[in-house]
Amino acid sequence: MTEPLLRLSGLTKAYPGVVANKDVSFDIGYGEVHALLGENGAGKSTLVKTIYGLVKPDAGSMTLEGQPFAPQEPRIARASGIAMVFQHFSLFDAMNVAENIALGMENPPPQAEIAARVRQVSDQYGLPLDPDRIVGELSAGERQRVEIIRCLLQDPKLLIMDEPTSVLTPQEVQILFETLRKLSSEGTAILYISHKLEEIRALCENATVLRLGQVVGTCDPRETSARDMAELMVGTKLHVPEKAPRPVGDVILALKGLSAPAPHRFGTPLRDINLEVRKGEVLGIGGVAGNGQDELVAALSGELRTKRAMVRFQDKDIGHLPPNARRKAGLLAAPEERMGHAAAPDMSLTENAILTATTREGLAKKGFLQWGKARTFAEGVIKAFDVRTPGPQNAARSLSGGNLQKFVIGREIMQRPDVLVVNQPTWGVDASAAAAIRQALLDLAANGSAVIVISQDLDELMEISDRFAALNEGRLSSPRAATGLTVEEIGLMLGGAHDMEVAHVDA
Amino acid sequence: MIRLEKRPQPSRPWVFATPVLAVLLTMLFGGLLFAALGQNPFETIRTIFFDPLFSEFAWFYRPQLLIKGAPLVLIAMGLSFGFRAGIWNIGAEGQYIVGAICGAAVGLAFYPMESFIIFPLMVVAGALGGFAWAMIPGFLRVRFGTNEILVSLMLVYVAEQLLASMALGALRNPDGMGFPGSRNLAQYDSASSWISQSAGMHWGVVAALIAVIVAYIALSRHIFGFNVKLSGQSPRAARFAGVNPARLVLVCMGISGVLAGLAGLFEIAGPAGQVSIDFNVGYGFTAIIVAFLGRLHPVGILLAGGLMALTYIGGEIAQSNLGLPLAAIQLLQGMLLFFLLAVDVLTNFRVQFGRKEVAS
């Protein structure tokens, strides 16, 4: 076809202090699966928000099917056939699927009619979903299906997907891809945003790479290596973490029948977790979000207390101890949510250093804070972990996700832990920062500490862990050596595909 | 079109500028209000904000400022810890009353004995009274998850009934010819909180200044103040940092109860003098405004307490000299809180005029 579905010409958008998009132009054809690649802060979000009508460009124009296209708001973009599945779901836990879908509609038809259409669309695309189920009880993969079906009900010409696979098991990813391929074969174009280069290579026909708001290259992902694409994104040679063989020492942390009730209504109970972690090893724990990761980290950090003997650390029972007593003993943790859990957004980095480092670094004397010492410690973290910020007096919320994550992980590593537990250490972090964080975790293990990495990113876990275990509905599989595990085996450990079936492409 | 744009971090200058701006806006709109009531706005504003300090009768009003300001600062100081941590003790008025009753009861029990030990014992009793009254909502929240706003507020009305019953019953002056109200503690040397009545100095003023200093140090230099701030801003991060939320609720309720109880004791043993039905005049509620007007910061609260005392006294002058209705003065005080909260948005947001999505 000569006329593309969507043409972007010279889109420019500046915010105070940063240029988010600069003269971005590319085309998306009918039925094309187009990848948008780039590090965090490269301008991907601004660009798709422009297409979706959430952001108005300062300069440049778009055409949709040859007509000028300048949506003032998402409603107009949706009416023109643009649909978007966001990275963070906007669903109400307490409502059922059909009600959630009705909420996103301009003039919702009766519930029964929505339910019928949900069934029809989910059948057609192999995305089984019961419209009467309560969203709070669905897995992350199922929630994503709600969002996708919500979009498909509009019959979109272009479907934008922002990091769709970060919450899926490998089997679920395969099913999603079948669905997307089927959509594409029916003429729906897909703009696919992801960090995961292997996925893009498997799915997409074209890729546009953004760096610092500008298009720095286009390629055919099927013929370009993941490494070449990554270097195009980063603009420099990418440093791949090295896993040096290292001796594994004695057991330092043991979980014995660790069980705990769900801390809140939509939480996951921990069920009889048994695990031994040895000095000098990296243990990877995989699993789809919401299967007990947060609860496991809380049970290790001391936010969630259990029976004494359930957690044994350096031959002492510590299941009943609060967070600071565990820090003193040498068990440190970095939770998943950076803003508001691992760090306080409105506080300075110095204050955020005090948040966890007071006990081990002696940042308080008889309860009185040693501000000078705290500042020095924060500066040390900033320097050692290459945190990009003007200084420790800046608020945590002024840092980008990757930089704050480097600070949070660095803050724990600088305290020389005997065991470090990290949850999603590189979630939403750009490629170079992620590589630096992984290297730091490996270095820590090389120095004889034990590291437990909980992550949904299987590539990451395979890259750094010595042993691998999977968390599924609050149960932990027995760990297996990471080398030699196949993707299928991992998928089965993770609990398979949560009742999904591959789309009937021939239907 | 006016747009608000979130700042990457809170603006330091605006933290200090917003209270001043709020006062100026209150003067402006208060002036309009008084003009609408048929008064000369300039004269009215001058009467309320400047006459108590600089008029020819200022020698009479200045001591009044200390008397009005001390309980406000003392109570607000205690409330500020809880408010920073997201613990809403709205019932300081009740703790103030119970502290006063307990302290007064100790003093009256010793009458007419004279001893240096009596006043310190009254102080302890006052503090304990306020503490115990604040522990009721604190304990109920920690143990049963009740809402401390409702419980502490409702306990104010219980305390008022208790006050009435004491004034008419147990603590009534036996030599008072059957009139309600206790003996006058201010005229009982060992129990009086006055240091110099003519200068408006009583021990409550001293206690308020000490509270400001201690709170300043606790909030800026001590891990306790850090944990309080952290709990208010990010409760999850506070738990991760090792703060025990239940203990924090009890400690914060306890601090506010003790300081409110002390304020009540100093008031009843000095300026008020006796246990009477109409002893409480709403200091416990006004202190909430003072706490927020002072940005929950010790020095800010000191200044805000002074400002509130000023509007009280200035308001009284305006009532008697210009015949303004009491409601107009109360409206002015309400305006002050309203503008403070309204301009507070400037600390975290910057205002953009003109085009949508402005580029820099």
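Which residue of chain B forms a salt bridge with Glu351(A)? In this predicted model, the partner of Glu351(A) is Lys229(B), with the closest N and O atoms 3.4 Å apart, a salt bridge being a side-chain nitrogen of Lys or Arg within 4 Å of a carboxyl oxygen of Asp or Glu. Across the interface of chain B and chain A, the rule finds one such salt bridge.

**The interface**
- On the chain B side 27 residues are in contact with 38 residues of chain A, where contact means heavy atoms within 4.5 Å.
- Between them, the two chains bury about 2700 Å², of which 56% lies on carbon and sulfur atoms; buried area is the accessible area (1.4 Å probe) that two parts lose on being put together, summed over both.

**Annotated segments of chain B**
- The UniProt annotation "transmembrane region", from an unreviewed entry, covers several stretches of chain B, including 65-83 and 95-111, and such annotations may be inferred rather than shown by experiment.
- Residues 65-83 of chain B are 100% helix and 0% strand, with the end C-alpha atoms 25 Å apart, helices (H or I, at least four residues) and strands (E, at least two) being DSSP runs.
- Residues 95-111 of chain B are 94% helix and 0% strand, and their end C-alpha atoms lie 24 Å apart.

**Conventions**
- Residues are numbered from 1 along each chain as its sequence is written, and chains are lettered from A in the order in which they are written.
- Local features need pLDDT of at least 70, side-chain atom pairs count only at pLDDT 80 or more, and totals for chains, interfaces and linings use all residues, while side-chain values use heavy atoms, with hydrogens and water left out.
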